[in-house]
Amino acid sequence: MSLIVGAFILAMQTDPMQLKIGPEGNVSCPVSQITSTASGKVSTPDDIAAAADGKAWVFLGENHATAPHQQLHADVIAALVKRERRVMVGLEMLTRPKQAELDKFWKSESRRFQFLKDADWKGQWGYGYSFYSPIFDVCRKNTVPMVALNVPRDWVRVVGQKGYAGLTAEQLQQLPANMALDNANHRAVFASLMGGHPPTGPRGESIYAAQVLWDEGMADSAIKARRDTDRDVFVVLAGSGHVMYRQGINYRIAKRGQGDGITVVMTQSDETITASKGVGDFVYVTPPTKK
């Protein structure tokens with residue numbers, strides 16, 4: 001096998017959008033279009049909301065700080081409200097300790113500048129609030145509860161260095177009892193996002209455990225938030241790597257018997273891409289962000 005052919009095969013194997021997980025086959029996804037992976041047809045936020053009829057969860061992946069992606073989040077939430085769904089929205093962008101500040105904001109009890117200050121938006125997330133303002137605007141307008149999904153970032157950092165053994169007993173009590181590392185499909189997604197060369201050995205296992213903690217923690221936050229509410233659909237907003245192939249947050253929720261949902265994966269490209277049908281129910285491709 002020539003080096004060129006070998007490199008091509010490796011690239012195909014490690015392209016996160018073309019893994020052989022889930023339904024067989026590929027779909028062509030043009031730029032600036034939402035594509036249904038089942039039909040290959042152009043779709044709309046209303047189509048996504050309709051596909052969620054009877055579903056308890058909607059998982060919306062994104063490229064962070066990519067305005068069309070955050071706008072699609074807002075449009076899907078609005079479309080669900082229009083279908084008279086009782087919506088709840090969970091955010092990767094904030095950690096659990098900031099829930100009180102988030103509650104005040106979505107209930108319109110605090111103003112934007114106060115929320116950004118009290119929630120430490122810059123320190124929590126780092127990306128500009130302006131990208132995410134359409135999401136907050138539609139939730140505030142429709143009194144849609146918002147949930148801070150993420151676990152404290154120092155938990156993830158410690159696990160990345162020492163594995164689960166680095167967490168205290170008190171921290172472990174706030175997490176699911178079984179945060180298993182045995183999902184081969186998730187490991188394949190993780191490896192592809194690491195360029196096909198994930199770290200190995202004890203250090204590599206700790207880094208992978210941190211990724212699982214991230215997903216498990218956000219899944220756990222979402223499950224707990226839905227308890228004792230009248231909300232019939234929970235929208236999870238997170239990076240696409242946390243929902244691709246239904247192996248991240250969505251997998252952890254389903255594993256705990258909390259039901260399945262629909263998954264939308266968003267990515268960037270300056271040309272039509274080929275995506276595995278298993279990557280999600282819909283794929284949204286937008287042009288690369290200009291720097």
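Reader: With which residue does R96 form a salt bridge, and how far apart are the closest N and O atoms?

Author: In this predicted model, R96 pairs with D220, and their closest N and O atoms are 3.1 Å apart. The general idea is a cut-off: a salt bridge needs a side-chain nitrogen of Lys or Arg within 4 Å of a carboxyl oxygen of Asp or Glu, so this pair qualifies. R96 belongs to the loop between β5 and α4, whereas D220 sits in helix α11 (residues 201–226), so the pair ties together parts that are 124 residues apart in sequence.

Reader: Are R96 and D220 buried or exposed?

Author: Both residues are buried.

Reader: Which residues are linked with R96 and D220 in a network of salt bridges?

Author: K224 and R256 join R96 and D220 in that network. R256 is located in the loop between α12 and β8 and is partly exposed, with a relative accessible area of 28%. Leaving out residues up to four places away in sequence, R256 touches P176, D220, I223 and R227. Along the chain, R256 and R246 are ten residues apart, and their C-alpha atoms lie 14 Å apart in space.

Reader: How many salt bridges does the structure hold?

Author: There are twelve salt bridges in the structure. One of them joins the side chains of D53 and R83, at 2.6 Å from N to O. D53 lies in the loop between α2 (45–51) and β4 (57–62), and R83 in the loop between α3 (67–82) and β5 (87–95), so this pair ties together parts that are 30 residues apart in sequence. D53 is partly exposed at a relative accessible area of 39%, and R83 is likewise partly exposed at 38%. A further salt bridge connects the side chains of D230 and R231 (3.5 Å, N to O); R231 counts as partly exposed, at 24% relative accessibility.

Reader: At what angle do helix α4 and helix α7 pack?

Author: In general, two packed helices are described by the angle between their axes and the distance between the axes. For α4 (residues 99–106) and α7 (residues 129–141), the angle is about 65 degrees and the axes are 10 Å apart. On the α4 side, the contact is made by L102, F105 and W106; on the α7 side, by Y129, F136, C139 and R140. These residues divide into six nonpolar, no polar and one charged.

Reader: Which residue other than glycine has a phi near 50 degrees?

Author: T143 has a positive phi, near 50 degrees. This residue is in the loop between α7 and β6 (146–150) and is partly exposed, with a relative accessible area of 44%. Y245 also has a positive phi, of about 60 degrees, although it is not a glycine. Y245 occupies the loop between β7 (233–239) and α12 (249–255) and counts as buried, at 2% relative accessibility.

Reader: Where does S269 lie, and what does its side chain reach at 2.7 Å?

Author: S269 is in the loop between β8 (261–268) and β9 (273–276). The side chain of S269 reaches the backbone oxygen of E271 at that distance of 2.7 Å. To judge burial, one applies the cut-off of under 20% relative accessible area; at 13%, S269 counts as buried. Beyond four places in sequence, S269 is in contact with V31, V285, T286, P287 and P288.

Reader: In which strand does Q33 lie?

Author: Q33 is part of strand β2 (residues 33–36). Its side chain makes a polar contact with the side chain of T35, at 3.2 Å. Setting aside neighbours within four places in sequence, Q33 is in contact with V42, V283, Y284 and V285.

Conventions
Residues numbered from 1 in each chain as written. Predicted model: local features only at pLDDT ≥ 70, side-chain atom pairs only at ≥ 80, totals over all residues. Heavy atoms only, no water. Helix = DSSP H or I, 4+ residues; strand = E, 2+ residues; numbered from the N terminus. Polar contact = N/O pair within 3.5 Å; in protein donor to acceptor, adjacent residues only side chain to side chain. Contact = heavy atoms within 4.5 Å. Axes fitted to C-alpha atoms, helices over the stretch in contact; angles between N-to-C directions. Nonpolar A, V, L, I, M, F, W, Y, C, P; charged D, E, K, R; others polar. Buried < 20%, exposed > 50% of the residue type's maximum accessible area, 1.4 Å probe, protein only.
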